[in-house]
Amino acid sequence: IAYKLGADIKGVSSEKSSRLGNLFEISNKSVIGRSEKNIIESIKSLTKDIKMKENESRLLVNIEAAIELEDEIYRSLGILQTARIISAKESMKHLSNIKLGIEMGYIDDISIEKVINLMTGMKPVMKLMSPITSDSDIKRAEFLRNEFTLANRNKK
C-alpha cells in the first residue's frame, strides 16, 4: 500500500542501524507532480490503513495468544524494574512492549504519556539512548528502575 501511495515505511533506528522498539517512520518518496495537499492526504490515508491493520492484528493476537502476549509485556516491565545494565535497543524493546500493554488494557497503573516520553527521549537521562558505553547502560537502567517503581509508575 505504501509503495502505491508513494510513501516509505521504515523502522526508527539507532546509529547501528538496528530498529528501536516498534517505532516506524512514514515518509513521502515522490514529490514531483504532486501537490502538498495530495501528498498529505495520501499519508493520512496510509496512516489510517496501517492503524486499521494494527488493530486487526491486536485483536487476533488477543484471541489466539493472549497469555503469551501478556507474559511478554509483564516480562518487559519486570526487566525495566530490575535491570542493572540495559542498552538503548533493549530498553526501547521493553518500553514498546509496555506501551502495547497499556494500549491493550493489560497494564492500567502506568501512564501512556510516561512511556511515550521515555521512548521519545523527553526525559534528560533518556537522551543517553545513543551512547554506547557501559556507563550509559548502567545510568539508563538505574533511571528506568526508578521510573517503574510502584511509587512512580503513574507520574509523567
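Visitor: Let's start inside. Which residues have the most contacts in the largest nonpolar core?
Guide: Those are L95, I98, I107, I110, V115 and F148, in a core of 22 residues. Keep in mind that this is a predicted model.

Visitor: Good. What's the overall order of elements from the N terminus?
Guide: The order is β-β-α-α-α-α-α, that is, two strands and five helices.

Visitor: How much of the protein counts as buried?
Guide: Of its 156 residues, 33% do.

Visitor: Let's turn to α2. Which of its residues are buried?
Guide: L69, I73, S76, L77 and L80 are the buried ones. They sit on the same side of α2, because the arc they cover around the axis is only 95°.

Visitor: Why would residues spaced like that line up?
Guide: An α-helix has 3.6 residues a turn, so residues three or four places apart point the same way.

Visitor: What's exposed on the other side of α2?
Guide: I67, R75 and T82 are exposed there.

Visitor: What span should α2 have, and what does the model give?
Guide: Helix α2 covers residues 66-82, so at 1.5 Å a residue its 17 residues should span 24 Å. The C-alpha atoms at its ends are 24 Å apart, which agrees.

Visitor: Now α4, which residues are buried there?
Guide: In α4, residues 112-119, the buried ones are K114, V115, L118 and M119. Their arc around the axis is only 130°, so they too lie on the same side of their helix. V115 is also one of the residues with the most contacts inside the largest nonpolar core.

Visitor: And what follows α4?
Guide: G121 follows, with a positive phi, near 80°.

Visitor: Switching topic: how much space lies in the largest pocket?
Guide: About 700 Å³. It is lined by 20 residues, and the closest to its centre are N22, F24, E54, R58 and K99.

Visitor: Which elements give two or more residues to that lining?
Guide: They are β2 (19-28), α1 (36-64) and α3 (88-103). Here the largest share, eight residues, comes from α1.

Visitor: How does the lining divide by residue type?
Guide: Ten are nonpolar, five polar and five charged.

Terms used: Residues are numbered from 1 along each chain as its sequence is written. This is a predicted model: local features need pLDDT of at least 70, side-chain atom pairs count only at pLDDT 80 or more; totals for chains, interfaces and linings use all residues. Side-chain values use heavy atoms; hydrogens and water are left out. On a 1 Å grid over the protein atoms alone, a cavity is a set of points where a 1.4 Å probe fits but cannot get out, and a pocket is an open set with protein on both sides within 12 Å along at least five of seven lines; lining residues have an atom within 4 Å of a point. Grid points are joined across faces, edges and corners, and a volume is the space filled by probe spheres set on the points. Helices (H or I, at least four residues) and strands (E, at least two) are DSSP runs, numbered from the N terminus. Ala, Val, Leu, Ile, Met, Phe, Trp, Tyr, Cys and Pro count as nonpolar, Asp, Glu, Lys and Arg as charged, and the others, Gly among them, as polar. The expected span of a helix is 1.5 Å times one less than its number of residues. Buried means under 20% relative accessible area, exposed over 50%, partly exposed in between (1.4 Å probe, protein chains only). The arc is that of the directions from the helix axis to the C-beta atoms. A nonpolar core is a set of buried Ala, Val, Leu, Ile, Met, Phe, Trp, Tyr and Cys residues joined through side-chain atoms within 4.5 Å.
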